[in-house]
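Hi,

Here is the structure I promised to pass on. Have a look at it first, and then read my notes below.

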Amino acid sequence: MTTARKRWRHALVALTLPLFTFAAACSPAEDDGAAQATQSAEESRSAESTESGEAVTKPQRIASLSSDATSVLAELVDHERIVASPATPGSKPVGETALPDGVHADPEQVLALNPDLVVLTERHGSEGSAADLLDNSGVKIHTFKDSDWSSIDSLMKSMTTLGELTGEQDKAQELSAKIGERRDEIVGSLDKEAKPRVLLLMARGGKKMIMAPSTMASGLVKEAGGELISEAEGMRGAAPADPERIAALAPDVILIEDFRGQGKEAFADLLDQPAIAELGARVELISPATTGASAGSKITTGLEDVAEKIGTKR
């Protein structure tokens, strides 16, 4: 090898060796930095995915086929998340689609709204069969029972259930706690010595009935310290409001559900019957908006009103 070529090789080694040494020294740090950056990005994406996942799990298109569930949903979620609810006289439906009053749910109509959650109460006629048909659609459905709206306790439990279904557990817990606290205040101030015998009347389809002991209003009478005559007499459901029967039951107070604002006039022919007029019972109206299954958090207003009407409020 010539002297010139040897000198060139030595110069090349002298130049490249520091470069390899520098690269060897720097590459681990660079790799660590790159790995950390990648990990941070992945963690960020994971957090975004988690947050997005939580948002997605909250149903955004809720169809409520029952007014009782709707009243609670309207307090728990933004109304934009409710796509359909029953229309009731004197109030606007919640959501973009109004279902007929006394709804006969049409599964095709409900599914056409593309809901991601359907809630209903099976007591409303055809709603039960609608639930069976909707079950096969893949849409999430929750069916309440009639008894889920028959007392303040059951209302609070149903509120908790709806909070879980809609992803609004904290709000449901807050509302339920307020109801419980206000109820305790009202019940704690009642006249415990007064035990008025109370009979509840309602009108449906032109027929006047003694209200069943399983209704929300009946539950309020008991919580307000009244003796619920229908329960004491072992009634299981609604019964015809026969003048002689009412006279035999001897109520101290007759509470009339003011259904659709009909007032006492709807019961005038019954109350004017001599057998009832001679009782001397106090006759009062109660509003289904605060004493019915669809009262929602207004139920404590109904409890206080019932206590005042039957004479147990101090």
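Before the helix pairs, one convention: the axes here are lines fitted to C-alpha atoms, for helices over the stretch in contact, and the angles run from 0 to 180 degrees between N-to-C directions. Please also keep in mind that this is a predicted model.

With that in hand, take α5 and helix α6 (residues 169-188). Their axes come within 7 Å and cross at roughly 165 degrees. Angles over 145 degrees count as roughly antiparallel, so that is how α5 sits relative to α6. The crossing is right-handed. On the α5 side the contact includes Ile152, Asp153, Met156 and Met159, and on the α6 side it includes Gln169, Ala172, Leu175 and Arg183. By class, the residues of this contact split into six nonpolar, five polar and three charged.

α5 (residues 152-166) also packs against helix α2 (residues 67-76), with axes that come within 10 Å and cross at roughly 55 degrees. α2 and α5 are therefore oblique to each other, and this crossing is right-handed too. From α2, the residues involved are Ala69, Val72, Leu73 and Leu76; they meet Leu155, Met159, Leu162, Gly163 and Thr166 in α5. Here the classes come out as seven nonpolar, two polar and no charged residues.

Next, helix α13. This helix covers residues 299-310, twelve in number, and reaches 16 Å from its first C-alpha to its last, close to the 16 Å expected. How many of its residues are buried? Nine of the twelve are, so to speak, under cover, among them Ile299, Leu303, Val306 and Ile310, but also Asp305 and Lys309.

Finally, two backbone spots to look at. Most residues other than glycine have a negative phi. Asn114 has a positive one, near 55 degrees; Asn114 lies in the loop between α3 (107-112) and β4 (117-121) and is exposed, with a relative accessible area of 56%. Ala250 also has a positive phi, near 50 degrees. Ala250 belongs to the loop between α9 (243-249) and β10 (253-257) and is partly exposed, at 36% relative accessible area.

Cheers

Note on methods. Residues numbered from 1 in each chain as written. Predicted model: local features only at pLDDT ≥ 70, side-chain atom pairs only at ≥ 80, totals over all residues. Heavy atoms only, no water. Helix = DSSP H or I, 4+ residues; strand = E, 2+ residues; numbered from the N terminus. Expected span 1.5 Å × (residues − 1). Buried < 20%, exposed > 50% of the residue type's maximum accessible area, 1.4 Å probe, protein only. Parallel < 35°, antiparallel > 145°, perpendicular 65-115°, else oblique. Left-handed = near helix turned anticlockwise from the far one by under 90°. Contact = heavy atoms within 4.5 Å. Nonpolar A, V, L, I, M, F, W, Y, C, P; charged D, E, K, R; others polar.
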